[in-house]
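Good morning. Please have a look at the chain on the screen before I start.

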Amino acid sequence: MDEAVVELSGAQRFGVAQDSRVAAIRWDVLPWGLVLDLDSPLSEAPDTELRRVWLCFHGLGALTLPFQEARVPTGCWIVVEFPMETTSAGLLSYSFSTVLPVGATGEVVLRGRDEDVVEIQAQRFSVLASRASAPPNEQGQLDWETRTHLASDASFVRILREIDP
């Protein structure tokens, strides 16, 4: 197993995305799937270090991204993770609330729950995380060089191929 990345299971997965920044949405690493590439805080403490986390959705069934009029120049932030549910079709439904800047000025506007919830339905869900972490930059996130130093895309893909050959 690659030392830079580990698969999280059970209670380790609970809340891992809370207060995380979705830095990238990856369609290119998981056939019929989706990966959310996150800057994830190690704790709720101020100025806590961040690690790189991949939320992996295997066998994607549906995706709802309510980004109408939103400006997402540096990604979006997961504010609240909701409990995972199972749909009537037997898919896992993962959802989270986000606060998105909107309009020409990029001002943060609070919208109703139905307007700010991202939902992803898939057959299976897995979580990968870098073992290493680093302090956030002035914007509260990791820059590209730091993110890829913590764990490369290739390191994540190797582990992903082991758990989903």
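Is Pro 41 buried or exposed? Pro 41 is buried, because its relative accessible area is 17%, and buried means under 20%, exposed over 50%, partly exposed in between, with a 1.4 Å probe and protein chains only. A word on the source: this is a predicted model, in which local features need pLDDT of at least 70 and side-chain atom pairs count only at pLDDT 80 or more, while totals for chains, interfaces and linings use all residues. Residues are numbered from 1 along each chain as its sequence is written, and side-chain values use heavy atoms, with hydrogens and water left out.

Back to Pro 41, which lies in strand E3. Helices (H or I, at least four residues) and strands (E, at least two) are DSSP runs, numbered from the N terminus. Leaving aside neighbours within four places in sequence, Pro 41 is in contact with Gln 18, Asp 19, Ser 20, Thr 48, Glu 49 and Leu 50; contact means heavy atoms within 4.5 Å. Arg 52 is eleven residues from Pro 41 along the chain, and their C-alpha atoms are separated by 8.8 Å.

Now the whole chain. The protein chain has two helices and ten strands, and the order from the N terminus is β-β-β-β-β-β-β-β-β-β-α-α. Of its 165 residues, 42% count as buried. Among contacts with a separation of 6 or more, 67% are between residues 24 or more positions apart.

Next, the inside. The largest nonpolar core has 21 residues, and Leu 36, Leu 38, Leu 55, Phe 57 and Tyr 94 have the most contacts inside it. A nonpolar core is a set of buried Ala, Val, Leu, Ile, Met, Phe, Trp, Tyr and Cys residues joined through side-chain atoms within 4.5 Å. Two or more residues of this core come from each of strands E3 (34-41), E4 (50-64), E5 (76-81), E7 (92-98) and E10 (117-130). E10 gives the most, with six residues. A second, separate core has twelve residues, including Val 5, Val 29, Leu 30 and Leu 160.

Leu 160 also belongs to helix H2 (residues 153-163), where Ser 155, Phe 156, Val 157, Ile 159 and Leu 160 are buried. The buried residues of H2 pack against strand E1 (5-8), E4 and E10.

Then the charges. How many salt bridges does the structure hold? The structure holds seven, a salt bridge being a side-chain nitrogen of Lys or Arg within 4 Å of a carboxyl oxygen of Asp or Glu. Arg 147 forms one with Asp 37, the closest N and O atoms being 2.6 Å apart. This pair links distant parts of the chain, with Arg 147 in helix H1 (residues 144-150) and Asp 37 in strand E3, 110 residues apart. Arg 147 and Asp 37 are both buried. Arg 147 also forms a salt bridge with Asp 39, where the closest N and O atoms are 2.5 Å apart. Asp 39 lies in strand E3 and Arg 147 in helix H1, so this pair ties together parts 108 residues apart in sequence.

Asp 153 and Arg 52 meet in another salt bridge, at 2.4 Å from N to O. Asp 153 is in helix H2 and Arg 52 in strand E4, so parts 101 residues apart in sequence are tied together. Asp 153 counts as partly exposed because its relative accessible area is 21%, whereas Arg 52, at 0%, counts as buried. Salt bridges that share partners join Arg 21, Arg 26, Asp 28, Asp 37, Asp 39, Arg 52, Arg 147 and Asp 153 into one network.
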